[in-house]
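Please read the following briefing alongside the sequence and the coordinates.

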Amino acid sequence: MIRIADINKSFGEKHVLKGITATFEAGKTNLIIGQSGSGKTVLTKCIVGLHSVDSGQIHYGDKDFIVMDFKEKKQLRQEIGMLFQGGALFDSLTVEENVLFPLSMFSDQSMSEKRDRANFCLNRVKLDNANKLFPAEISGGMKKRVAIARAMAMNPKYLFCDEPNSGLDPQTSIVIDNLIKEITDEYNMTTVVITHDMNSVMEIGDNIIFIYKGEKWWEGSNEDILKTENKEINDFVYASKYMRRLKAAK
Amino acid sequence: MGILSHVGRFVLLMSRVFRRPEKFKVYAQQFWKEVDAIGLNSLGIVAIVSIFMGAVTTIQTAYNMESPWIPLYAVGLAVRDSMILEFSPTIICIILAGKVGSNIASEIGTMRVYEQIDALEIMGVNSSAFLILPKILAAVLIIPFLVIISMFLGIGGGWIFGVMSGVVTTYKFVYGITYWFIPFYVTYALIKTVVFAFLLTSIPAYFGYYTQGGAVEVGASGTKAVVYSTILILLCNLIITQMLLA
């Protein structure tokens, strides 16, 4: 479980995050949604420590992340997997080497055990025949799957996904969403997904946090989101003509 | 950002770079890759530049010493000393600052822009040490060898072109390059090469590591890296020369 309390973050004069408090429970797919520029990515980067917060608290289980020193943060980060928007795969390494990388860095297993683990993760994301290919040689959807396999390699307790569906077709997006949901359930991970894809919201959103202009505006499940009367969230959810027609038909 | 802020941020970055590696074996693999990329891949350009520098120095020195009071073997002596003292360590390092430095800045800058550095940090890897330390160590180890090769090739090029163009004989040239040889000159050249090797890797790495934006900013980091490392190489050249030779 991850708990954040009263998170504030500014870049110069711009107050990006304004007192955000939330709890992300284990075994649930927690979604952070909101318009572009609302502060979703900044919030996630603050939670994982890529940005320092101006004030507030971040707890991973019972560990206070803010007061941890460099060494303790490094230790904790071995329990975190993150899927970046573009995949962030290492261009000079093959698919298999990308998945092997965290194992080579932190695991004391033998090479054959590491390879078995890497192949297991690649099989889990249904990528059996891509081991020797380089990131430049695979599609966007495959890159996302390799990134998920790499994030899974160290058996993380916490999984963060930054817009996992950006740039993907609707079918591949559903494959990625389902994969995230399945591994969250399977390993009882605390998963936090940033998205503005309404399909993802409806498919996998166990707990949804809506960020509006840097503030937490609304929280609920994927069933609640269709019933809410909140204007800002309705503007977001029913932005397309299709969704408005669907709402009118109901 | 002011110069003092850059210096402070550079010092902080280096303090993270020289931390204990997470796993020596992985760093060692990176180190040998960098030896190949920085050292062996630069051998061609170093050889071409050195041979031509030696050749031109020989011909120019010969044409500028028309006085009968100056012996012809002074051509060999002048080529030897100019190659060892200045051309090989300084000019080769400036050329490497362009070739290797821009490469380092754009490689690390691109990794920053495409969130690969963030990915390393999230895994718990000290990204600055993992990306920069092997490059610095490889450069500090391999560039002195390149400079030694450059010295031999420069003097060799001077000899071959000097004899071919008829400005000096083999006997006089070889006599000149062995005349009043001061071994400390080589030590001096290698000391400054080590300093230059550190500068031409750490400064581009710094600019690459703190790149923000996209392709334009990556390009700008590469340019800044080359300009600043060249200026600092020239400045350090002056300081080291004053300290060791004056």
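How many residues does the contact take from chain B, and how many from chain A? The contact takes 13 residues from chain B and 16 residues from chain A, where two residues are in contact if their C-beta atoms, placed from the backbone, lie within 7 Å. This is a predicted model, in which local features need pLDDT of at least 70 and side-chain atom pairs count only at pLDDT 80 or more, while totals for chains, interfaces and linings use all residues. Residues are numbered from 1 along each chain as its sequence is written, and chains are lettered from A and ligands numbered from 1 in the order in which they are written.

- On the side of chain B that touches chain A, helix α5 (residues 116–123) of chain B gives the most, with six residues; helices (H or I, at least four residues) and strands (E, at least two) are DSSP runs, numbered from the N terminus.
- That side of chain B divides into six nonpolar, two polar and five charged residues, with Ala, Val, Leu, Ile, Met, Phe, Trp, Tyr, Cys and Pro counted as nonpolar, Asp, Glu, Lys and Arg as charged, and the others, Gly among them, as polar.

**Sheet of chain A**

- Chain A holds an open sheet of six strands in the order β6-β7-β8-β3-β9-β10, with mixed pairing; two strands pair if DSSP finds at least two bridges between them.
- Because β6 (80–83) and β10 (215–220) of chain A stand at the edges with a single partner strand each, one side of each is left without a neighbour in the sheet.
- Within this sheet, strand β3 (residues 29–34) of chain A pairs with strand β8 (residues 190–195) of chain A in the parallel sense over five bridges, and Leu31(A) stands opposite Val193(A) in β8(A).

**Domains of chain A**

- Chain A is divided into domain 1 (2–79 + 157–249) and domain 2 (86–155), with bounds that come from an automatic or database domain assignment.
- The centres of the two domains, taken over C-alpha atoms, are separated by 25 Å, and the contact takes ten residues from domain 1 of chain A and ten residues from domain 2 of chain A.
- Helix α6 (residues 170–187) of chain A gives the most to the side of domain 1 that touches domain 2, with five residues, and that side has seven nonpolar, three polar and no charged residues.

**Helix pair in chain B**

- The axes of helix α4 (residues 74–113) of chain B and helix α6 (residues 127–165) of chain B come within 8 Å and cross at roughly 145°; axes are lines fitted to C-alpha atoms, for helices over the stretch in contact, and angles run from 0 to 180 degrees between N-to-C directions.
- The residues of the contact of α4(B) with α6(B) divide into 17 nonpolar, five polar and two charged.
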